[in-house]
Amino acid sequence: MMNDDGQSDSCIVPTKSANKVCPKEMAERMEGRRLIKGNVDESPMSRTQGRKEDVQETLKRIRQAVRREPKQRMTSLYHHVYQVENLREAYFSLKKNAAAGIDGETWQHYGEELEGNLERLSGRLRRGAYRAPAVRRVYIPKADGRMRGLGVPALEDKIVQRVVSQILSAIWEPEFKGFSYGFRAGRSAHDALDALAVGIQQRAINWVLDADIRGFFDTISHEWLEKMIEHRVGDRRITALIKKWLRAGVMEEGKLKRSEEGTPQGGLVSPVLANIYLHHAFDQWAQQWRKREARGAMIIVRYADDFVVGFEHREEAERFQGELKERMAKFSLELHEEKTRLIEFGRHAASQRRERGESKPETFNFLGFTHICGKTRGGKFTVVRKTMRKRMQAKLKDLKKEFRRRMHEDLREQGKWVSAVLRGHYRYYGVPFNSASLWSFAYHVQVLWHRSLKRRSQRDRLTWERFTRKVKHLVPAPRICHPYPSQRLSRRFAVTT
């Protein structure tokens, strides 16, 4: 679902508060408000040289309109989509070396006649003549050995989707709940991880529901999604454009497969559509369940379609799980039976299981980390997070292939690449209590590197000792890049209050 390696940790200060504001409830402090509707200011955006500033001004106006007229549907949005300034900014925000769609158009080639191409694209959008081409299907390996299908849109599709996704995000951002972290500006996977760790450590959580939705992106109901979009967006040209993308289909092995459900992973608009879908299908319902049904402590953390719910009482956890299954079915979704588990987890889990003569508490995986019931050096309970074994093994497998491809490169060039790989790994997985996993990864990377160098020649005499001396200055040492979760949340909490 996401590429964890190298993901940056954002420290943007949130603007909403969710639970009661106290240290024990900081983990879920950013809760949303009720569903609102609003009109957009139709005044034209000034055409200045500051393209990015113009786009931000457009989005600012949309957000202001949402707050100013909370009960009105937005009926004038489409003119923002075909403005050349917005399309140009979207083009420059794309990855320059990204894979091409079915049209074979690359970022560099499109940019050779950029202004003319953007003017023609704007004209087609304005006249309603824009046609959404099918996405190209590619497959990438998952950590569990299976393959994940991704959809690669055509370049102009990426440009238009970028603009629309920004508009939709500006509309829905005030409504998204505080426990939703995926694909949102100013939020990262580590924000979700911190919220989860602090919630379990500082609240009376004894049971954890680790939930997984089976094939979420492939099973999203078009009918439900369109209703959710139309609930806030009254501009039919916007909704028509989204419908084109949903029904464009997938090109795989030269054959076109029409889409009756789902939204392809890989599209720039897919993340915000997924967030909108789960906002209505899960977030609002889960928040109401917590307010009306839960008698004990309850925490919720969701990142895209991966979410964890913590409970104080087992009976409430079991009841929530049963009702969650029904709720998902209502929106054409299904929980993955094998990957959805209710486990005993929390500060009292180890002692209670020991009293019953049972083994250590079970662990669960979330956003690339295995979460374990552990203790600090002072003997206090803490959530220990270790790099998932499957994630590390999958990464090392990919690196083995890359080492073979780079086998005959200059040692210093290889060293620059290895350094970038390791630093990216440390930036994501460098959390407290995970030092052993970092050192293990660094060691195995060097083993793969040594083996690839020895294959350069049958007479090679590069011993491990000689190799380590040569590359010592090229390999960065593992380091912890992130503070303790409570420290980071405390700093943000102090600012927002």
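How many bridges join S9 to strand S10 (residues 369-375), and in which sense do the two strands run? S9 and S10 are joined by 3 bridges and run antiparallel.

## Basis of the description

This is a predicted model, in which local features need pLDDT of at least 70 and side-chain atom pairs count only at pLDDT 80 or more, while totals for chains, interfaces and linings use all residues. Residues are numbered from 1 along each chain as its sequence is written, and side-chain values use heavy atoms, with hydrogens and water left out.

Helices (H or I, at least four residues) and strands (E, at least two) are DSSP runs, numbered from the N terminus. Two strands are taken to pair if DSSP finds at least two bridges between them.

## The three-stranded sheet

S9, S10 and S11 form an open sheet of 3 strands in the order S9-S10-S11, with antiparallel pairing. Its edge strands are S9 (364-366) and S11 (381-387), each of which pairs on one side only. On average, neighbouring strands of this sheet are turned by 45 degrees against each other, direction ignored. Axes are lines fitted to C-alpha atoms, for helices over the stretch in contact, and angles run from 0 to 180 degrees between N-to-C directions.

Within the pairing of S9 and S10, Phe 366 stands opposite Phe 369 in S10. Helix H7 (residues 189-202) lies across S9, S10 and S11 and runs at about 150 degrees to S11. Contact here means heavy atoms within 4.5 Å.

## The four-stranded sheet

A further open sheet has 4 strands in the order S6-S7-S3-S8, again with antiparallel pairing. S6 and strand S8 (341-344) stand at the edges with a single partner strand each, so one side of each is left without a neighbour in the sheet. The twist averages 15 degrees from one strand to the next. Helix H11 (residues 270-292) packs on this sheet, touching S6 and S7, and its direction makes about 175 degrees with that of S6.

Strand S6 (residues 298-303) is joined to S7 by 6 bridges, and the two run antiparallel; the bridge partner of Arg 302 in S7 is Phe 307. S6 and S7 form a hairpin with 2 residues between them, and Ala 304 in the turn has a positive phi of about 60 degrees.

Which residues cover the two faces of S7? Asp 306, Val 308 and Gly 310 lie on one side and Phe 307, Val 309 and Phe 311 on the other, and all are buried. Strand S7 (residues 306-311) is thus mostly covered, with 6 of its 6 residues buried. Buried means under 20% relative accessible area, exposed over 50%, and partly exposed in between (1.4 Å probe, protein chains only).

Strand S3 (residues 207-212) pairs with S7 in the antiparallel sense over 6 bridges. Opposite pairs include Val 208 with Gly 310, Leu 209 with Val 309 and Asp 212 with Asp 306. S3 is also joined to S8 by 4 bridges in an antiparallel arrangement, where Asp 210 stands opposite Arg 341. Because 6 of the 6 residues of S3 are buried, this strand is largely enclosed by the rest of the structure. Trp 207, Leu 209 and Ala 211 are buried on one face, and Val 208, Asp 210 and Asp 212 on the other.

## Helix packing

Helix H5 (residues 114-127) and helix H6 (residues 155-172) pack at an angle of about 65 degrees, with their axes 12 Å apart. That angle makes H5 roughly perpendicular to H6; angles under 35 degrees count as roughly parallel, over 145 as roughly antiparallel, 65 to 115 as roughly perpendicular and the rest as oblique. The contact is made by Asn 117, Leu 118, Leu 121, Arg 124 and Leu 125 of H5 and by Glu 156, Ile 159 and Val 160 of H6.

In helix H9 (residues 222-232), the buried residues are His 222, Leu 225, Glu 226, Met 228, Ile 229 and Arg 232. These residues cover an arc of only 160 degrees around the axis, which puts them on the same side of H9. The arc is that of the directions from the helix axis to the C-beta atoms. An α-helix has 3.6 residues a turn, so residues three or four places apart point the same way.

## A loop residue

Ala 98 lies in the loop between helix H3 (84-93) and helix H4 (107-111). At 37% relative accessibility, Ala 98 counts as partly exposed. The C-alpha atoms of Ala 98 and Val 152 are separated by 9.1 Å, the two residues being 54 residues apart along the chain.
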